[in-house]
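I opened my notebook to record what I looked up in this structure, going from the chain as a whole to its parts and then to a ligand.

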Amino acid sequence: MAIYFSEPSRTFNEYLLIPNLTTKSCIPANVTLKAPLVKFNKGETSPLQVNIPFASAIMQAVSDNRMAVAMAQCGGISFIYGSQSVRDQVVMVKKVKNYKAGFVVSRCNLTPNHTLQDVLHLKEKTGYSTIAVTEDGTSTGKLLGIVTSRDYRLSRDDRNKPISEFMTPFSELICGKIGITLSDANDLIWDHKLNCLPIIDDTQHLHYLVFRKDYDRNKENPNELLDGNKSYVVGAGINTRDYEERVPALVQAGVDILCIDSSDGYSEWQQETISYIRKTYGKEVKVGGGNVVDKEGFLFLAEAGADFIKVGIGGGSICITREQKGIGRGQASALIDVAAARNEYFEQTGVYIPICSDGGIVHDYHITLALAMGADFIMMGRYFARFDESPTRKLKVGNNYVKEYWAEGSNRARNWQRYDLGGEKGLVFEEGVDSYVPYAGSLRENLANTISKIKSTMCSCGSLSISEFHQKARLTLISSTSLVEGGAHDVIVKDNQLSGE
Ligand SMILES: NC(=O)C1=CN([C@@H]2O[C@H](COP(=O)(O)OP(=O)(O)OC[C@H]3O[C@@H](n4cnc5c(N)ncnc54)[C@H](O)[C@@H]3O)[C@@H](O)[C@H]2O)C=CC1
Ligand SMILES: O=c1[nH]c(=O)c2[nH+]cn([C@@H]3O[C@H](COP(=O)(O)O)[C@@H](O)[C@H]3O)c2[nH]1
Ligand SMILES: [K+]
């Protein structure tokens, strides 16, 4: 006979936190949101951690290299979508790993034989006014000089004048040597009142330019998530089919962590995928599995060797899996169950496996609830899709700006296979929708707002860290009538300021 769960499937909306004692030292400035990404032994710390417990979803409409850089700058992590060819995904991972905060590869380059006219053309085309003059006109050629707007006078100078006659020649340039730290580069910039510092090697070849303004931006990212080489940390989604090809290519590109991307992680496909990674790379390559929604699924992936386990089936904003396939579980119930299994597993084995709550976050406080319920970090799609940094188009619909957001199980996302892998012609059925989300501005500003709410609630609950919050949080189920009490009620609200996030 079928087995019935005694409890109904519950969602975040059905829970609230009960405050604990807030001591005087329990202030938002003292709260840390650092969280483990991969498993670790009792008494040790996780070898890979995030500074804020946020991951952007493994989706075409959310996580490309641009989002990944922005996320790492804020202290979180992106998993670059796997629903693209191995080659394209590798290019994205490399772009993140090669992104040197503050060090930029010169975008405008000419040779000394080009003319003032060429300078003006390039400036017009790119919008940049600093031009590197190299022997071969490439961004890595031998550096012979620099041209900026201060080097010519349009009212007087002949447009056919060669650059060699008006550039600041190499002999008069202040340069940094490759390997210099950003802060030393900045000292040179200040000491010599420069706007731009070229970074060269022993053979005078150009590697980077450091601009005064970029250094300031770098200082704005105190939380940024860097690896041992000071490159941004980045993850990537993989699947249970082409892993023998995809995983080595991603590892070669320098990816920091992988995640098997599937609606259903309780499968021999995932076991085989993880086992391939362990056989090939031992513990060195980190891989998460999922998604699961109960203890059995968790234990299966824990035994298979997953470094973290992702929780959630059908709760995403664009998901129609529950309607299409009839599988899934309320996200809160799934998380509570898996967190209990994780804790039990930790007690029995001394191995702590982080869990990630994936999908279904509607309000900022849902993130806080997910953390309270035992999640180590939170994966979101809709939340991030709304920002400037997401890869999709921004459009005006009626009077509002929106951004496109489509599900990975939609025809739109799955189409890539038709062209790149020669896969099946079409989908039997779709498991997600193509949609718009309201445009919300920049990632940085929105995250700051969300984080301040989370920290404030954690203080109300007497917790200075996520692990303390896991121990101390007290939650209550709410009735449908108290749900009404929770919003503005029995008043006429003047505008809609109270109804949004
Ligand atoms: N979190 C969620 O609730 C959901 C997420 N999604 C997203 O949609 C995308 C597609 O998800 P899925 O359809 O679950 O993809 P999937 O590739 O994991 O599974 C699709 C089907 O292929 C089978 N399969 C997997 N590996 C195989 C192999 N090596 N050989 C033969 N058959 C194999 C699976 O059993 C399943 O029937 C993912 O990005 C996923 O995250 C889709 C639905 C729900
Ligand atoms: O049922 C589904 N059909 C789909 O086609 C689909 N695509 C993505 N996802 C999952 O949704 C998560 C993002 O959810 P949110 O937008 O709510 O943050 C993601 O992180 C995924 O887990 C899907 N679920
Ligand atoms: K299954």
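I began with burial, and I noted that 42% of the 501 residues of the chain count as buried. I keep in mind that this is a predicted model, and that a residue is called buried here if 20 or more other C-beta atoms lie within 10 Å of its own.

Next I looked up the overall dimensions, and I found that the C-alpha atoms of the chain fill a box of roughly 90 × 55 × 50 Å along the principal axes. I then asked which radius of gyration the chain has. The value is 26 Å, which agrees with the radius near 23 Å that a compact globule would have with 501 residues.

For the secondary structure, I wrote down 16 helices and 25 strands in the chain. Turning to contacts with a separation of 6 or more, I saw that 64% of them are accounted for by residues 24 or more positions apart.

I went on to the domains, where the assignment gives domain 1 as 12-100 + 223-498 and domain 2 as 103-219, so written that domain 1 has two segments. Taken over C-alpha atoms, the centres of domain 1 and domain 2 are separated by 41 Å.

My last entry concerns ligand 2, which is surrounded by 26 residues, the closest being G316, C319, G381, G409 and G432. Two or more residues of this shell come from strand 21 (377-380) and likewise from helix 12 (382-385).

Methods. Residues are numbered from 1 along each chain as its sequence is written. Chains are lettered from A and ligands numbered from 1 in the order in which they are written. This is a predicted model: local features need pLDDT of at least 70, side-chain atom pairs count only at pLDDT 80 or more; totals for chains, interfaces and linings use all residues. A residue is near a molecule or strand if its C-beta atom, placed from the backbone, lies within 6 Å of it. Helices (H or I, at least four residues) and strands (E, at least two) are DSSP runs, numbered from the N terminus. The radius of gyration is taken over C-alpha atoms; the globule rule is 2.2 Å times the number of residues to the power 0.38. A residue is buried if 20 or more other C-beta atoms lie within 10 Å of its own, exposed if 12 or fewer, and partly exposed in between; C-beta atoms are placed from the backbone. Two residues are in contact if their C-beta atoms, placed from the backbone, lie within 7 Å.
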